[in-house]
Amino acid sequence: MLTCRIHAKDDLRIETTDEPAIAPGQVLIRLGAGGICGSDLHYYFEGRNGSFVVREPLIPGHEASGVVAKIGPGVTRVKVGDRIAVSPSHACGACDYCREGREHLCRNMRFLGSASLYPHVQGMFCESFVMAERQCYPVTGDVSLGELAMAEPLAVALHGVNRAGDLLGKRVLVTGGGTIGCLTVIAARLAGATSVTVSDVLDRPLATARAVGAARTLRADTQDETLATPQFDVAFEASGSLAALKACMAATKRGGIIVQIGTLPHEPLPFVVNEIMSKELDLRGAFRWGIEFDWAVEYIASGRVDVKPLLSGQFPLQDAVKAFQLAKDKTRSTKVQLIAT
Ligand SMILES: [Zn+2]
Ligand SMILES: [Zn+2]
């Protein structure tokens, strides 16, 4: 079978490997669609994602759907032929964080397609892969495998919104109109926000944000007063830019909440902490997700959430390099996916 592996910066190879064997409680899955995420782009174009450095060949990919090809002894949650969303999160279930219901903060987390541990935890950009049955979420209905693979990033957005608390009647700002920013627009509207404004430095992400329900969009690189005037109850920083975080601090009202949902550069960043104090801002982090993955699968499978405006194209695994290049170009794409042929 074909497997996509990143060996180092700018060194992505499509290799032929053996189909993995399954053990009791495990499921062999044929890749349906696998979305290329910012972290995958960092691994390929930089050889690292923040402090996580590629130290051995890494199969990227943590946003995937698939079809069950084989089940191991004892598996009851899925059967052969089921279409599933795959949760890339494998928390231990036993540590203090897991037991208090925050399994995404697990002390022993094994997250797929990540170089945070060594040996690395391999991801899902390959024709077939093995998962524990509890990581498989079967769906019925006619949702496509491409849409289903959006469950993971939608879960990230739902978790970010959950971290903000009650959004009913709230005016919301989202900085960054990429996949996570646009899914945050969707999630904030589900949660009752009266209006969602989105800023970005490119036109294409803003058009996508409008397509998924942003009431207003604006270019962050112009002298628009909106980002300098306190008027939002809650801001979500989904661009990974320090300028955007500063804009969130300026545009959020006193007593407001800012949720950092995008990845900022790993280096320490200077900002005026006094504004957090004098405006009584709550600056909160949102990292991955817990129960929100279950919700994301339901929202997508039921048609309550339409992620189709975010899907920019699918490429066979053999064309992974081309797909990564398109995924990196935000003037041409939002979410690019790899598929098995
Ligand atoms: Zn991701
Ligand atoms: Zn744990």
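Modeller: Before we start: buried means under 20% relative accessible area, exposed over 50%, and partly exposed in between, with a 1.4 Å probe and protein chains only. This is a predicted model, where local features need pLDDT of at least 70, side-chain atom pairs count only at pLDDT 80 or more, and totals for chains, interfaces and linings use all residues. Residues are numbered from 1 along each chain as its sequence is written, chains are lettered from A and ligands numbered from 1 in the order written, and side-chain values use heavy atoms, leaving out hydrogens and water.

Colleague: Fine. Are His62 and Glu63 buried or exposed?

Modeller: Buried, both His62 and Glu63.

Colleague: Where do Cys92 and Cys106 sit in the chain?

Modeller: Cys92 is in the loop between strand S8 (89-90) and helix H2 (96-99), while Cys106 is in the loop between H2 and strand S9 (110-111), 14 residues apart. Helices (H or I, at least four residues) and strands (E, at least two) are DSSP runs, numbered from the N terminus.

Colleague: Why does Cys106 count as buried?

Modeller: Because its relative accessibility is 9%. Cys92 has 32%, so it counts as partly exposed.

Colleague: New topic. What order has the open sheet of six strands?

Modeller: S14-S13-S12-S15-S16-S17, with parallel pairing. Two strands pair if DSSP finds at least two bridges between them. S14 (216-219) and S17 (282-285) are the edge strands, each pairing on one side only. Strand-to-strand twist averages 20°.

Colleague: How many bridges are there between S13 and S14?

Modeller: Four, with S13 covering residues 195-200. Asp200 has Arg219 in S14 as its bridge partner.

Colleague: Which helix lies across S13 and S14?

Modeller: H6 (residues 203-211), running at about 175° to S14. Contact means heavy atoms within 4.5 Å. Axes are lines fitted to C-alpha atoms, for helices over the stretch in contact, and angles run from 0 to 180 degrees between N-to-C directions.
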